[in-house]
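Visitor: Please show me the structure, and then let us go through some of its contacts one by one.

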Amino acid sequence: MNPFTSLAGPIEREEEMDASELAPARYAKVLADLSRINALTLARRPTVGFLERVRARSGSAGGGGAGGSDVKPWRILDVGFGAGDMLARIARWGDARGVALDLVGVDLNPNSAPVAAARLGGRARLITGDYRGLAGQGWDIILSSLVAHHMTPEQRSGFLRFMESESARGWLVNDLHRQRLPFAGYPLLAGLALVDPIVRRDGQLSVGRSFRRAEWQAMLADALPETAAECRIFRSFPYRLCVERIR
């Protein structure tokens with residue numbers, strides 16, 4: 001993709017990894033390479049920071065630790081779990097903080113579950129399907145990473161409303177920031193990392209499909225008119241733009 005492609009608005013183009021005909025073995029390689037890129041770009045840091053802020057707001061660890069507390073575990077739903085690397089990082093965070101966690105991931109692609117299961121072992125329950133089927137199940141926290149820009153405007157609005165209505169402690173959208181430097185520079189990073197060509201192309205497109213602060217403000221005002229002011233839009237190095245709601 002031309003590094004000087006207009007970024008005045010989000011690029012409207014489907015990503016190759018979303019194609020239903022992509023072979024499972026190729027998809028698994030794409031997920032593995034994407035996980036490496038996520039590690040290099042500190043993709044998990046905003047989510048860990050969010051969990052720390054939720055924990056601080058609660059005033060305690062919020063879950064049973066090694067001491068055998070009878071406090072209920074946090075029920076966390078990760079929408080679009082992919083390779084399971086975010087769930088794995090959350091599990092390590094809970095272990096380190098003594099916060100008991102009940103982790104669940106949902107992903108539309110049936111080829112994601114085997115990849116994530118190999119990484120996670122039994123640390124999380126993995127579901128193939130639509131997150132909307134998981135309403136009313138007592139979620140404390142709902143998370144997504146690099147998912148929002150894959151949705152249509154209608155799907156994104158519905159997702160924001162789902163998270164707002166279904167999360168007792170709060171929710172987080174961890175996504176990219178549409179800016180020229182990461183859009184133009186990503187292919188170089190991907191080339192140096194020797195990732196699959198799909199990851200090289202899709203990664204740049206993901207930056208181009210993502211949003212800016214004013215766009216998130218408009219989306220929040222439209223989807224959550226009563227609580228948009230209580231949502232926080234924040235940047236995270238390098239080139240992440242996230243949205244959180246902590247109750």
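Visitor: Is Tyr131 buried or exposed?
Guide: In this predicted model, local features need pLDDT of at least 70, side-chain atom pairs count only at pLDDT 80 or more, and totals for chains, interfaces and linings use all residues. Residues are numbered from 1 along each chain as its sequence is written, and side-chain values use heavy atoms, with hydrogens and water left out. Buried means under 20% relative accessible area, exposed over 50%, and partly exposed in between, with a 1.4 Å probe and protein chains only. Because its relative accessibility is 11%, Tyr131 counts as buried.

Visitor: How many aromatic pairs does a search of the whole structure find?
Guide: Rings of Phe, Tyr and Trp (its six-membered ring) pair if their centres lie within 6.5 Å, and planes under 30 degrees apart count as stacked, over 60 as edge-to-face and the rest as tilted. By that criterion, the number of aromatic pairs found in the whole structure is 4.

Visitor: What kind of pair do the rings of Tyr131 and Phe162 form?
Guide: The ring centres of Tyr131 and Phe162 are 4.8 Å apart. Their planes stand at 70°, so this pair is edge-to-face.

Visitor: Which parts of the chain does this pair link?
Guide: Helices (H or I, at least four residues) and strands (E, at least two) are DSSP runs, numbered from the N terminus. The two partners are 31 residues apart, and the pair links distant parts of the chain. Tyr131 sits in the loop between strand S3 (124-128) and strand S4 (139-145), while Phe162 belongs to helix H5.

Visitor: Which residues form one aromatic cluster?
Guide: Phe162 is buried, with 8% relative accessibility. One aromatic cluster is formed by Tyr131, Phe159 and Phe162.

Visitor: At what angle do the axes of helix H5 and helix H8 cross?
Guide: Axes are lines fitted to C-alpha atoms, for helices over the stretch in contact, and angles run from 0 to 180 degrees between N-to-C directions. The axes of H5 (residues 153-166) and H8 (residues 213-223) come within 9 Å, and they cross at roughly 65°.

Visitor: Which residues of H5 and H8 make the contact?
Guide: Contact means heavy atoms within 4.5 Å. H8 contributes Trp216, Met219, Leu220, Asp222 and Ala223, and H5 contributes Arg156, Ser157, Leu160 and Arg161.

Visitor: How are H6 and H7 oriented to each other?
Guide: Angles under 35 degrees count as roughly parallel, over 145 as roughly antiparallel, 65 to 115 as roughly perpendicular and the rest as oblique. The axes of H6 (residues 180-192) and H7 come within 9 Å and cross at roughly 160°. H6 and H7 are therefore roughly antiparallel.

Visitor: Which residues of H7 meet H6?
Guide: On the H6 side, the contact involves Pro182, Phe183, Tyr186, Pro187, Ala190 and Gly191. Their partners in H7 are Val199, Arg200, Gly203, Gln204, Val207 and Gly208.

Visitor: How far apart in space are Ile37 and Ala190?
Guide: Ile37 lies in helix H1 (residues 24-40) and is buried, with a relative accessible area of 4%. Not counting residues up to four places away in sequence, Ile37 touches Tyr186, Leu189, Ala190, Ala193, Val195 and Val199. Although Ile37 and Ala190 are 153 residues apart in sequence, their separation in space, C-alpha to C-alpha, is 7.5 Å.

Visitor: Which residues does Ser206 touch?
Guide: Ser206 is found in helix H7 (residues 197-209) and counts as buried at 10% relative accessibility. Leaving out residues up to four places away in sequence, Ser206 touches Glu15, His149 and Leu176.
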